[in-house]
Amino acid sequence: MNTPLFRHIEEQLLCNGLAICQPFDLQLPSTPLSELSHPLRTRVLNLGEQKKLQLAGTGREQSHQLNRQIRRDRIHWLTAQDPAEKAWLDFMAQLQQHLNRTLLLGLFSYECHFAHYQPGDFYQKHKDAFSGQSNRILSTVLYLNPDWQPDDGGELLIYSDEESDSVRSRLLPQLGTLVTFLSEEFPHEVLAANRHRYSIAGWFRLNSSVSNRVDPPR
Ligand code: OGA
Ligand code: MN
């Protein structure tokens, strides 16, 4: 059942280094993404009510104040303890296996966190990995917001490259939309929204002992 979706991601990654899967894509009539997304939305709303979402950082040495100028989201790392979180981790493990078999990517592990952006929150233009400095290979974002309207803001902007400001893709954070891209290739940015905005950001990594570097901080 997941094969058409996994094939789509595989083909788009191969051609563009970037794969976008949207819930109402006629070429992908029955993906499990919206089914998986509903319980994950319930889960992140509960975590928010229980005050279990923490301010996100951007690196070990940066001060809290500096972080606030770069990103404002609150996060919670997923584990297999919660059934909805486990369903997502299992699904991504299947995708990992598919991409390793077909594209020989050598993906070793997957880690991901929920993110909550309050109205006005943003994440400035950044890359998730820098060549030679990280074992993050592939970035993923799943969106958890039903009925998101263009006026709500909060788009993900994916830039073509570091130098230019040309926007390659502009995505609304619509429930069930999944974007996957090569972590070292694409600078990207989260624009401020005027609604609460929920997502799961994740990264497939190489084995750190293979890349012979200390893992960068989460
Ligand atoms: C990130 C990120 C994008 C998004 O957390 O690194 O770029 O749309 N998130 O939530
Ligand atoms: Mn990012």
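Begin with ligand 1 and the side chain of Y143, where an N or O atom lies 2.5 Å from an oxygen atom of the ligand, a polar contact being a pair of N or O atoms within 3.5 Å. The model is predicted, so local features need pLDDT of at least 70 and side-chain atom pairs pLDDT 80 or more, whereas totals for chains, interfaces and linings use all residues. Residues are numbered from 1 along each chain as written, chains are lettered from A and ligands numbered from 1 in written order, and side-chain values use heavy atoms, without hydrogens or water.

Select R197 next: one of its polar side-chain atoms is 2.8 Å from an oxygen atom of ligand 1. At S199, a side-chain N or O atom stands 3.3 Å from an oxygen atom of ligand 1. On its own, ligand 1 has 300 Å² of accessible area (Shrake-Rupley, 1.4 Å probe), of which the protein covers 98%.

Strands are DSSP runs of E, at least two residues long, numbered from the N terminus; those giving two or more residues to the shell around ligand 1 are β5 (123-126), β6 (136-143), β10 (188-190) and β11 (197-205). β11 gives the most, with 4 residues. To display the shell, whose members have a heavy atom within 4 Å of the ligand, select Y123, H126, D128, V141, Y143, L156, H188, V190, R197, S199, A201 and W203.

Now centre on ligand 2, the manganese ion, whose protein donors (N, O or S atoms within 2.8 Å) are H126 (NE2), D128 (OD) and H188 (NE2), lying 2.1 to 2.2 Å from it. The spacing of these donor residues in sequence is H-x1-D-x59-H. Distant parts of the chain are linked here, with H126 in β5 and H188 in β10, 62 residues apart.

Return to Y143 and switch to a cartoon view: Y143 stands opposite S199 in β11, and β6 is joined to β11 by 7 bridges in the antiparallel sense; two strands count as paired when DSSP finds at least two bridges. Widening the view shows an open, antiparallel sheet of 7 strands in the order β1-β9-β6-β11-β4-β3-β2. β1 (18-21) and β2 are at the edges with a single partner strand each, so one side of each has no neighbour in the sheet.

Finally, select residues 108-206, which UniProt lists in an unreviewed entry as "domain: Fe2OG dioxygenase". This stretch is 0% helix and 47% strand, and its end C-alpha atoms are 5 Å apart.

Technical notes. Polar contact = N/O pair within 3.5 Å; in protein donor to acceptor, adjacent residues only side chain to side chain. UniProt positions renumbered as here; feature names shortened; annotations may be inferred. Donors = N, O, S within 2.8 Å, 3.2 Å for Na, K, Ca; no water.
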